[in-house]
Amino acid sequence: MRKSRLIASSIFLVFSAALMIASVSMEYYSSIGPGPGFFPFWLSLILGLLSIIWIVQIVRSAPASAKTEGEETLFPRGGGLLRILSLFGALCFMIAFMEPLGFQLAMFAFLAFLLVALGHVKTWMTLIIAGIGSFGLFRVFTLLLDVQLPQSAIRFLAAIGL
Amino acid sequence: MILSSLRMRVTVLAAACMLLAAVSAGAQAFPAKNKAITLIVGFSAGGSSDAGARILASGMEKVLGAKVEVLNKPGASGQIGYTMLSQAKPNGYTIGLASLPGIMVSIMDADRKAAYKKDSFQPIGLQVLDAGVLAVKADSPYQSIKDLIEDAKARPRKITVSTTGLQTGDHFSILQLQKLTGAEFAIVHFDGAGTAMTSLLGKKIDAYVGNVGDVLSQLKSGDIRILGVMDTQESPFMPGVKTFESQGISLLGGSWRGYLAPAGTPKAIVDKLSAAMKTALETEEVKSSMAKLGLQIRYMNAEEYTKIWDEYGTVVKELIPLSKNK
Amino acid sequence: MGFSVALSPGNLLYAFLGSAFGTLIGVLPGIGPAAGTALLIPLTARLPPTGAIIMLTAIFYGTQYGGTITSILLNVPGEAASAITCIDGHKMALKGRAGAALSIAAIGSFIGGLFATIALVFLAGPLTKVALEFGPVEFFALMVLGISLLMGLAGKSMVKALMMGILGLILAMVGMDPVRGAPRFTFGRMELMDGLNFVPVIMGLFGLADILENAEESLSSTVSAKVGSLMPSKQEIKDSVGPIARGSVLGTVLGLIPGMTGSMASFLSYSTEKKASKHPEKFGQGAIEGVAGPETANNAHANGALIPLFTLGIPASPTVAVLMGAFLMNGLIPGPFLFREQPELVWGVIASFFVGNVILLVLNLPLVGVWVKMLKIPYSILFAVILAFMVIGAYGAESSIFDVFIMLLFGILGYALKKFDFPLAPMILTLILGPTMERSLRRSMEMSQGDFSILFASPLAATLLVISLVVLVSSALKVFPGTGKGKSDSGSVGK
């Protein structure tokens, strides 16, 4: 509990320090008032100060409550973590493969994986939903709504309409 | 020996002929049946760049007999679309809208880190010149450009002039005006014509620089006075309004919207596209749609358009440092 | 005289079609109001001008009704202007009050739209003068006032609320600097030069973060929200009266001012309601006021934004600019002279706003029952559908895979922030107001060439700045006597 909050507050502190360093290289003030670096500098400074206040709050308040709550963790482990990582992985897959594979194939695989692995949905149901969600939606969006969803970059796949 | 060299020559000649035949056949066959031409527009759907492109696309479809599909890739003032165009196959099936001076700025301004250069593109033709205008409120004391310039010289950096955005055509027009006349303005960058015009009508700023298409309503209602059009000829949408040139200042400004192909696109195909564009722009349908939107057709073929590219490129290059330090 | 035009069978049909399409565009991901309206322009090409304009304007204000639905039911905002509705609307859905939230949103939208239209008819002239008072300086003062409401958005810990507010402002800096054209925090990515796209950011912060949290427990056993009664209770209606009234005024006024967006209207309404509420602690837990106010405000904004189009010929927002294009395509230049030249058309179109809003209400109230059925889908399936919906939504707006990445990034951030009990509202508020605040300040500096006194030279701006100071001090007084409380809170955070 306490540990993870301390880590989080430190991340904020490091983040604001990094921002501050980055903003120093931008022009701070110009002949016509604040330059590009003016707001980033002050904002990162304030964020840094606030992070420090938060750290102080955690350090001061924690001892009593830390005992009562024990070292129960804030973030899940085991199954929960695995599920979150699977979601993350599935989205990364979409980001990496939506353009090369085309929307329809990538979305079909994405939905099928999510429904089977995380939703424990029956196979026939999975096929129906993933089919509608990928091939069906592609047609609705590209043909009716003119929203451009990617076609496959692989030529023979694109040729058969995927 | 002689024989063999002759044979070789014949072979080379034959090969050359075949190649030529193939190339011209390629142009003849362009565009192939059931193959769509993609027109990349680096601006979002619904804007005036997009509207003009869509009108042209539907006109060219009829001329070419092939589908011309508009693909919007907005972002970074068109840069995302230009990057995509520069990386497309140079076969004529991918072309793109280019807005001057925007595309030149993205090339010349080192901060923009563009992945393309001027010669990454092959100009096809110019469609629209949305000329710049300098406007003041109807009750403003300035009756002519001369009045404004004189006052700006008397009180440097006190007269406020709006642009519709940093490094837009308007911005470069003001910079050029300053350079030509020696006057100095306080340049205020808005984001779009709407907010800038509101500020002009609310007397928050002294003068407004924008495009013809954006001020027609206010001109009609009599809320504003146009001091000059930045073109060599009067705008058909505001007859009787003087040009800058007629007032002794040779200033050409506004948005030039034309079309590009990736460099290396065969000349025959570029010419075919350029001709199709010309034919489309001469049809009544395209003409009237564009006129309604206040878009002035200014067709130029590939050669003339390339010339504008080069000239405007030089102007922009000189003004870039100024545009970032004001 | 306008009603005879608007109520003719043909025009009634166009208003109906426009309303239905608008609602649909609002519900669907990946297609915002501007793109949606632009898309449907060709559909209207063969209609008579009056019919075409009636249909397109109906599409425009119809989108504001539709955007709410996914915010409340799925915690995924369909449009930027409905993002804030996620906070309390979705909480209401979890408590089985989805039907009530949707009904109140529809009723509020109706009243807001009606109010703005009445303002257009009777007060267009004087209101336009108000709009013209807003130059860069006044814009800046108004943004400062908006951001001063930030402290009122704090949950248990003021420090965390402020941290989020500042983080939002920092995120608002991403992109090309508005005066010098220098890239800031873009990491060399072209996609970031125009700043972060708002829709993928909020989809990540709300929708994706929600799913990640639900994934801690098994996704196949999580229950979707209860359906519950569809009608708002008497208490809920009573609580909504004030927010709807204030939202109507706020939305209309902001709609008048070119450059103010619908999301600004809804966020400012939310902040105002929380500040005005006698029980601000209920906000974030499913307070009906947090739905009624913003949803009213964004509709009043949509209809109010049409006022400067008619009186000044100025499009007040990107979507109205698209609409203006449609006017032009039909050979009409919007502006005050249109009332003289084509009175029948103008009054017909304005009358159609009344008709259209009535149609939308009639269309949407019965649909509430249908939409709410969505919650009967088992969560084991629903979560995947929501994810697909978000991927399309993030990608579709700009056809950019990068935006899907942004959504993922902000999903993880949102999840982590939730774990540490950070309130999201302050961050989103500043993310929306931040860019405009910085731009208008620096624009003011361009006008005065660096002289700060310009900020106080305008009476209106000075008044707004003084009000912000009062708001800040009063919030601070509320907070600081309870500093000790803040400390003990942080100990019990995130259990």
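The buried residues of H8(B) pack against helix H2 (48–64), strand S4 (121–137), helix H7 (193–201), strand S7 (207–211) and strand S8 (224–229) of chain B. A residue is taken as buried if 20 or more other C-beta atoms lie within 10 Å of its own, as exposed if 12 or fewer do, and as partly exposed in between, with C-beta atoms placed from the backbone; helices (H or I, at least four residues) and strands (E, at least two) are DSSP runs numbered from the N terminus. The model is a predicted one, in which local features need pLDDT of at least 70 and side-chain atom pairs count only at pLDDT 80 or more, whereas totals for chains, interfaces and linings use all residues. Residues are numbered from 1 along each chain as its sequence is written, and chains are lettered from A, with ligands numbered from 1, in the order in which they are written.

Helix H8 of chain B covers residues 212–221, and because eight of its ten residues are buried, it is largely enclosed by the rest of the structure. The buried positions are Val212(B), Gly213(B), Asp214(B), Val215(B), Leu216(B), Ser217(B), Gln218(B) and Leu219(B). After H8(B) comes Gly222(B), with a positive phi near 80 degrees.

Chain C contains 22 helices and two strands. For its 495 residues, a compact globule would have a radius of gyration near 23 Å, and the 22 Å of chain C agrees with this; the radius is taken over C-alpha atoms, and the globule rule is 2.2 Å times the number of residues to the power 0.38. The C-alpha trace of chain C spans about 70 × 60 × 50 Å along its principal axes, and 69% of the residues in chain C are buried. Two residues are in contact if their C-beta atoms, placed from the backbone, lie within 7 Å; of the contacts in chain C between residues at least 6 apart in sequence, 80% join residues at least 24 apart.

Chain A has six helices and two strands, arranged from the N terminus as α-β-β-α-α-α-α-α. Its radius of gyration is 24 Å, well over the 15 Å given by the globule rule for 162 residues, so chain A is more spread out than a compact globule. Along the principal axes, the C-alpha atoms of chain A fill a box of roughly 60 × 60 × 25 Å, and buried residues amount to 35% of the chain. An automatic or database domain assignment supplies the bounds of domain 1 (2–69) and domain 2 (78–159) of chain A, whose centres, taken over C-alpha atoms, are separated by 39 Å.

Beyond its neighbours within four places in sequence, Leu111(A) is in contact with Ile129(A), Ala130(A), Gly133(A), Ser134(A), Ala384(C) and Ala388(C).

The contact between chains A and C takes 59 residues from chain A and 52 residues from chain C. On the side of chain C that touches chain A, the largest share, ten residues, comes from H17(C).
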